[in-house]
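Please look at the structure first.

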Amino acid sequence: MCGIVGYVGKREAFPILIKGLQRLEYRGYDSAGIALLQEQTINLYKCKGKVADLESFTKGKPTKGSQGIGHTRWATHGVPNDTNAHPHYSASEELVLIHNGIIENYNVLKKGLEKRGYAFRSDTDTEVLIFLIEDIQKQLKTSLEESVRLALNEIVGAYAIVLMSKHEPGKLIAAKKGSPLVIGLGEDEYFLASDATPIVEYTREVVYLEDEEIAVVELGKDLRMRTIADKEIQPYIQELQIELEQLEKGGFDHFMLKEIYEQPRSVRDSMRGRLDVHTGRVSLGGILDYETRFAQAKRVIIVACGTSWHAGLVGEYLFEDLARIPVEVEYASEFRYRNPIIQEGDIVIAISQSGETADTLAAIQLARQKGATIIGICNVVGSSIARATHAGSYTHAGPEIGVASTKAFTAQVTVLTLMALMVGRKKGAIQESKYRALLNELENIPELIAQVLKQDSNVQVISHIYQNARNFLYLGRGYNFPVALEGALKLKEISYIHAEGYPAAEMKHGPIALIDEEMPVVVIATKGDSYEKIVSNVQEVKARGGKIISIVTEGDVEVAAISDHIIEIPETPDPISPLISVIPLQLLSYHIAVLRGCNVDQPRNLAKSVTVE
Ligand code: G6P
């Protein structure tokens with residue numbers, strides 16, 4: 001959600017900024033802009049649409065300069081149009097600003113500035129901030145850095161900003177609260193970005209800004225940092241762990257397909273060094289110090305959003321089944337506003353692929369204030385959520401670029417499975433034979449995922465048949481109920497077909513009324529504890545003429561006989577079945593979206609990293 005890039009150095013800034021914005025496209029946006037500084041002239045270009053539109057717009061126009069800022073905007077205040085796109089000028093047009101986040105008190109500040117004669121050009125909160133910074137600078141005759149600091153003290157809300165002045169060549173000022181910002185340190189050059197993806201091909205040395213920190217990058221000088229309370233900070237330089245190849249499509253048509261196909265590897269990476277079937281040991285290094293506290297926990301509360309919330313629901317089944325700990329799974333956005341009860345001995349698990357989701361971050365902060373122990377499950381190393389938790393385990397799925405989450409989900413479920421097994425054994429809640437059997441099955445899961453991927457052509461045939469459906473229903477029971485929700489979410493997100501996920505038995509209490517010959521119903525009907533029950537649910541759909549697409553265990557005949565289409569997957573014990581039953585649902589949504597001509601990797605209105613609430 002909104003992408004920020006900045007560059008100051010000796011190279012041409014324009015290609016670096018454009019490439020950086022392209023790398024950030026996955027975050028989701030609806031307009032883009034760029035400002036370049038050359039010999040005290042700012043060239044600013046911005047337009048609604050994609051980075052490619054911005055590139056065409058700048059053809060034949062001056063784009064020289066070795067310093068600049070670029071932005072992809074995901075509209076919050078004001079519709080997506082050329083005027084509301086960033087960068088924004090100050091009143092005098094001497095300063096330019098890009099911003100990610102929401103300034104909650106922008107209206108009050110705007111009215112104050114308007115009373116003093118300022119006229120705004122856009123509907124954005126960002127323009128208010130740059131006007132305010134300049135106003136302070138003029139009124140108090142202070143340095144630009146100090147004006148930024150004073151202005152940020154008046155701001156309520158979230159921001160990651162980068163600012164440039166036509167009178168201060170070689171310098172960029174950045175600050176962050178709530179929204180992410182990272183600075184890359186090169187040889188006599190600096191890079192700024194919302195995440196490390198635009199930076200990794202130039203340098204591995206980075207500094208992640210913390211909340212309420214301001215950074216000044218200036219050619220020929222070391223990075224300088226202060227807090228908005230005016231305390232000097234020593235930058236903490238870290239080495240980037242991602243590789244450039246991980247950010248490329250690697251021969252696939254879309255990032256989403258590449259990421260679906262990466263799952264045998266990403267799930268293995270999530271387990272690497274953590275699971276030893278020979279010794280029977282599961283060891284998640286990041287939470288070892290909390291193992292006992294976990295085992296004594298009276299309750300686990302899982303907070304997350306979107307797909308991560310679905311992984312959390314699988315976690316509920318896992319922790320209750322394997323570790324016998326009561327679990328509540330909460331939408332982070334609801335949890336944070338309903339005065340939740342947190343008791344001594346509660347453990348909160350926060351799940352987030354990006355590690356930047358504003359609601360999840362706020363839920364963590366609230367739970368921390370109330371004294372809970374917070375364990376994170378994040379994919380992005382060094383992300384805000386990873387840093388805000390007491391301890392945690394990274395999912396190690398590698399960068400996920402497709403907006404619709406796939407490999408991050410299976411990696412999250414893998415880590416949750418390992419956690420539940422580790423805690424269950426520590427507590428003595430799980431029988432040793434069951435524990436050992438599950439470890440063996442888990443070790444083998446990457447192979448099984450690879451086998452399911454071989455069903456791709458079968459899934460494509462089914463996708464052709466149902467590409468024009470207007471609604472879909474997804475049904476599952478037990479461990480596969482959250483998978484039904486996830487399958488429906490995937491389809492909605494990228495193909496814009498309305499889809500609902502339901503616990504199969506609950507269908508009778510409402511959605512059954514929707515079933516007719518036009519309604520495809522995807523049922524996860526694999527062999528397991530609730531197999532007989534789900535067979536009855538499939539019969540209920542059949543009796544009403546619904547079209548049945550069943551995910552069945554290899555060799556199944558009973559469900560196959562009453563289904564219109566089947567997708568076979570290998571047999572696995574219930575607790576780890578979500579790791580393979582979700583794969584055909586990911587493929588189904590992908591192929592339907594492609595057939596409908598949708599932008600699979602960047603679906604409309606969605607953002608990969610939701611940094612506003
Ligand atoms: C957005 C993304 C989803 C993701 C959700 C939670 O809505 O489009 O794919 O599941 O945010 O994000 P997180 O990074 O916290 O897992």
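How many cavities of 30 Å³ or more does the structure hold? The structure holds 4 of them. Before I describe them, please note that this is a predicted model, in which local features need pLDDT of at least 70, side-chain atom pairs count only at pLDDT 80 or more, and totals for chains, interfaces and linings use all residues. Residues are numbered from 1 along each chain as its sequence is written, and side-chain values use heavy atoms, with hydrogens and water left out.

The terms come next. On a 1 Å grid over the protein atoms alone, a cavity is a set of points where a 1.4 Å probe fits but cannot get out, whereas a pocket is an open set with protein on both sides within 12 Å along at least five of seven lines. Lining residues have an atom within 4 Å of a point. Grid points are joined across faces, edges and corners, and a volume is the space filled by probe spheres set on the points.

The largest cavity contains about 120 Å³ of space. It is lined by 15 residues, and R477, N480, T526, S530 and D574 are the closest to its centre. The second largest cavity has a volume of about 60 Å³, and its lining includes C2, R73, W74 and D125.

Of its 37 lining residues, Y208, I242, N379, V380 and V381 are the closest to the centre.

The second largest pocket, at about 560 Å³, is lined by 24 residues, with C305, G306, T307, A607 and V610 nearest its centre. Which helix gives the most to this lining? Helix 9 does, with 3 residues; helices here are DSSP runs of H or I with at least four residues, numbered from the N terminus.

Finally, the cysteines. A disulfide is a pair of cysteine sulfur atoms within 2.5 Å, and by this rule the count comes to 0.

C2 is buried at 6% relative accessibility, and C378 is buried at 2%.

Conventions. Helix = DSSP H or I, 4+ residues; strand = E, 2+ residues; numbered from the N terminus. Buried < 20%, exposed > 50% of the residue type's maximum accessible area, 1.4 Å probe, protein only.
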